[in-house]
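Visitor: I am new to this structure and would be grateful for a guided account of it. May I put some questions to you?

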Amino acid sequence: MLQRPILLDIPDRLESERLWLRVPRPGDGAAINQAVRESFEELRPWLPWAATLPTVAESEEFARRSAVSYLAREAFTWLLWSKQTGDLIGASGMHDLNWSVPSMQIGYWVRTSMAGQGYITEAVRTLTRFAFDVLGAYRLEIRCDERNERSAAVARRAGFVLEGVLRNERRHHLSQELRNTMVFAAVKAPSERASSSS
């Protein structure tokens with residue numbers, strides 16, 4: 001059990017084969033807004049925060065609030081940048097942190113022009129290793145709407161196992177109809193963590 005997560009010394013940038021995963025900074029709002037606007041029609045059915053198009057100011061506020069939450073160890077957001085082009089690919093993050101386990105949920109989105117190239121799976125695998133090896137997590141979850149086949153496919157490719165479906169778990173943010181939520185998880189046994197840290 002981690003008593004004081006704010007004292008964790010963790011980097012604000014991670015690296016995978018093709019990506020830099022970096023914590024949002026002041027000034028990132030314009031790039032975030034451009035990616036969200038390009039991808040709005042694909043994001044809107046699945047993400048409540050994409051129910052309406054954000055302004056550049058709202059995207060900038062998101063970047064700054066995300067930086068603060070990262071420092072406070074209350075939530076972790078990373079922007080995904082292409083090493084090759086420097087373009088913003090999308091974003092991923094960890095929320096619903098429970099430091100008493102520790103456990104957390106991973107979320108993600110990709111801009112439309114970069115979809116289907118494995119970037120999100122690559123990012124989720126990187127964050128999974130980071131959560132287990134650096135944050136000391138024992139449980140990670142990915143939750144998505146039962147109809148969101150692309151998000152579920154990412155979870156499966158990243159090695160997460162479907163543990164169950166929560167029926168009538170929430171109302172859709174646009175239609176208000178009842179929807180089912182798939183819960184995928186990756187776990188690390190206490191003995192695994194002990195041996196990897198020795």
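Visitor: With which residues is Met94 in contact, leaving aside its neighbours within four places in sequence?
Guide: This is a predicted model, and contact here means heavy atoms within 4.5 Å. Leaving aside neighbours within four places in sequence, the partners of Met94 are Ala75, Phe76, Trp78, Met104, Gln105, Ile106, Leu127, Phe130, Ala131 and Leu135.

Visitor: Which element gives the most to the largest nonpolar core?
Guide: The largest nonpolar core has 39 residues, and Met94 is listed with Phe76, Trp78, Val124, Leu135 and Phe160 as having the most contacts inside it. Two or more residues come from each of S2, S3, S4, S5, H3, S6, helix H4 (149-157) and S8. With eight residues, the element that gives the most to this core is H3.

Visitor: How many residues are in the other core, which lies apart from this one?
Guide: Among the members of this other core are Ala35, Val36, Leu47 and Ala50. Its number of residues is twelve.

Visitor: How are the rings of Tyr70 and Phe76 arranged, stacked or edge-to-face?
Guide: A search of the whole structure finds six aromatic pairs. In the pair of Tyr70 and Phe76, the ring centres are 5.1 Å apart and the planes stand at 80 degrees. Planes over 60 degrees apart count as edge-to-face, so the arrangement of Tyr70 and Phe76 is edge-to-face.

Visitor: Is Tyr70 buried or exposed?
Guide: A residue under 20% relative accessible area counts as buried. The value for Tyr70 is 3%, so Tyr70 is buried.

Visitor: How many residues apart in sequence are the parts that the pair of Phe76 and Trp99 ties together?
Guide: Phe76 and Trp99 form an edge-to-face pair, with 6.3 Å from centre to centre and 85 degrees between the planes. Phe76 lies in strand S3 (residues 76-82), whereas Trp99 lies in the loop between strand S4 (88-98) and strand S5 (103-110). The pair therefore ties together parts whose separation in sequence is 23 residues.

Visitor: Over which ring does the charged end of Lys83 sit?
Guide: The charged end of Arg18 sits over the ring of Tyr119, 4.2 Å from its centre. For Lys83, the charged end lies 5.1 Å from the centre of the ring it sits over, and that ring belongs to Trp20.

Visitor: Which strands are the edge strands of the open sheet?
Guide: The open sheet has eight strands in the order S1-S2-S3-S4-S5-S6-S8-S7, with mixed pairing. An edge strand pairs on one side only, and the edge strands are strand S1 (13-15) and strand S7 (161-171).

Visitor: Which residue in S8 is the bridge partner of Val165?
Guide: S7 and strand S8 (residues 178-187) pair in the antiparallel sense over seven bridges. The partner of Val165 in S8 is Met182.

Visitor: About what angle does the direction of helix H3 make with that of S5?
Guide: Helix H3 (residues 119-133) packs on the sheet, touching S1, strand S2 (19-22), S3, S4, S5, strand S6 (139-145) and S8. The angle between the direction of H3 and that of S5 is about 160 degrees.

Visitor: Which residues does Ala137 touch, not counting those up to four places away in sequence?
Guide: Ala137 lies in the loop between H3 and S6. Its relative accessible area is 0%, so Ala137 is buried. Not counting residues up to four places away in sequence, Ala137 touches Pro102, Met104, Ala131, Phe132 and Lys188.

Definitions and conventions: Residues numbered from 1 in each chain as written. Predicted model: local features only at pLDDT ≥ 70, side-chain atom pairs only at ≥ 80, totals over all residues. Heavy atoms only, no water. Phe/Tyr/Trp six-rings, centres within 6.5 Å; stacked < 30°, edge-to-face > 60°. Buried < 20%, exposed > 50% of the residue type's maximum accessible area, 1.4 Å probe, protein only. Helix = DSSP H or I, 4+ residues; strand = E, 2+ residues; numbered from the N terminus. Lys NZ or Arg CZ within 6 Å of the ring centre and 35° of its normal. Pairing = 2+ DSSP bridges. Axes fitted to C-alpha atoms, helices over the stretch in contact; angles between N-to-C directions. Core = buried A, V, L, I, M, F, W, Y, C linked by side-chain atoms within 4.5 Å.
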